[in-house]
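Dear colleague,

Please find the structure below, followed by a short account of what was found in it.

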Amino acid sequence: PVVINTDGTVSKVAASSPSIGSSSEFLDKSLGSTAIDYDENTQRVVLAIQHPDSPYRGQVYVGVVTASDNSVFWGSATNLHAGGTQQATPHKVIYDPNSQKTVILYDSSSTGSVKGYAVVGTVAGPGLGITFGTPVVFEDDGQAFHAEAVYDPVNEKIIAYKDAAGDGNGGYGKAVVGTVSGDVITFGSTYTFESAASWNMGISYDTAANKILIVYRDAGNSSYGTAIVGTVSGTTISFGTPAVFASGTTVYTAVSYNPKVGKHLIAYRDNSDSDVGKALMATVSGDTVTFGSTITFEGDFGAVSYQTPLYDSNREITVLFAVPETGGSPNYENAHAYIADIDGDTISIASTTAFNTNRNNTMFNATYDSSQARFVTAGRNNIVDGTNSSAAFVFDPGTNLFTDKPLALLCE
């Protein structure tokens, strides 16, 4: 196939296959948790982890991606909380393009009881460092478990939500709006969207509807996979009626919005169906959400975990990352990338790429670097024989004439 260029000449177009670079180790130990996002202003990747050694401090790395060899170079670690003298468990890194700051949500028991904190970070481009403002408590009555966040460009706010499992309410699903100003983030009132234990949450923002979509496991309704639409106005949030998308026990629930099709991709593990990985599309209209047909995107392994769908703004595709277990002995857990082919409410998997075959890729997380058109993943990268490390991988989805942005008129 060829394309007609803007000057009328013809050029041959060749597709390229997905590829993965070599591992970029940032810690020679098995980390405790990961959270990662991309800083558009400095074109850097920000990674927050929990160090595995006492006092289990939070640490933050800043990295720069090189597309030519699919690599990422990391700077030195910066302590996240109390100078690294106290425990901190990062849950989410979220970039605020309005303030050009990065916000990190994490738990810490530094005061004697576990609280949920948020802190504003400033990446010191063109270097690989980060500085922090003063941490702010947004969950004062228990652990901000499964804390997630998304940026609302209309209200220029960050919406954080969490399951405060220790708050005396049985871990109700809650949401709160945060506003960044300088090095400080302030929060409005907290709203409950589910009056039952809510787990394994994911959140996305719908640019067409100007709504947020939250997906979660509703322990008050047989642990069914559930979604709810939220409307933000200032620092207030109102919610529609919860809708079930999976009538079975769902875990590792996640969601990502695809603006090209105006729909959300939901991914989860179905514990009621042999722990396979499943996915479906969701459409928001007003305060309601409807769903397309569900597919099994991974059913050839013992179980599938760490579902992470992300949108590629350069290729206008959604890539779903997950970590299936091989089963048997030893039991490998290898990260995979699944490129989704979306047609309206229908989803299929166009290609699958395994990262490696002899590693345990757990505590997995990922983000998209739009300047380099690459995905960056991070987590444990342990060889099953006992060699422990924590590392990142850079994934290139390649080019495909049927899924990428059209360059011009195609002809044979």
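Strands E18 and E19 form a hairpin with 4 residues between them, and asparagine 210 in the turn has a positive phi of about 55°. Strands here (E, at least two residues) and helices (H or I, at least four) are DSSP runs, numbered from the N terminus. This is a predicted model, in which local features need pLDDT of at least 70, side-chain atom pairs count only at pLDDT 80 or more, and totals for chains, interfaces and linings use all residues. Residues are numbered from 1 along each chain as its sequence is written, and side-chain values use heavy atoms, with hydrogens and water left out.

E18 (residues 184-206) pairs with E19 in the antiparallel sense over 7 bridges; two strands pair if DSSP finds at least two bridges between them. Serine 204 stands opposite leucine 213 of E19.

On E20 (residues 224-233), E19 likewise has an antiparallel partner, over 7 bridges. There, isoleucine 212 has glycine 230 as its bridge partner. The hairpin of E19 and E20 has 5 residues between the strands, and serine 222 in it takes a positive phi near 60°.

Of the 8 residues of E19 (211-218), 8 are buried. Buried means under 20% relative accessible area, exposed over 50%, and partly exposed in between (1.4 Å probe, protein chains only). Lys211, Leu213, Val215 and Arg217 lie on one covered face, and Ile212, Ile214, Tyr216 and Asp218 on the other.

**Phenylalanine 364**

Contacts (heavy atoms within 4.5 Å) of phenylalanine 364 include Thr34, Tyr306 and Phe321, not counting residues up to four places away in sequence.

Yours sincerely
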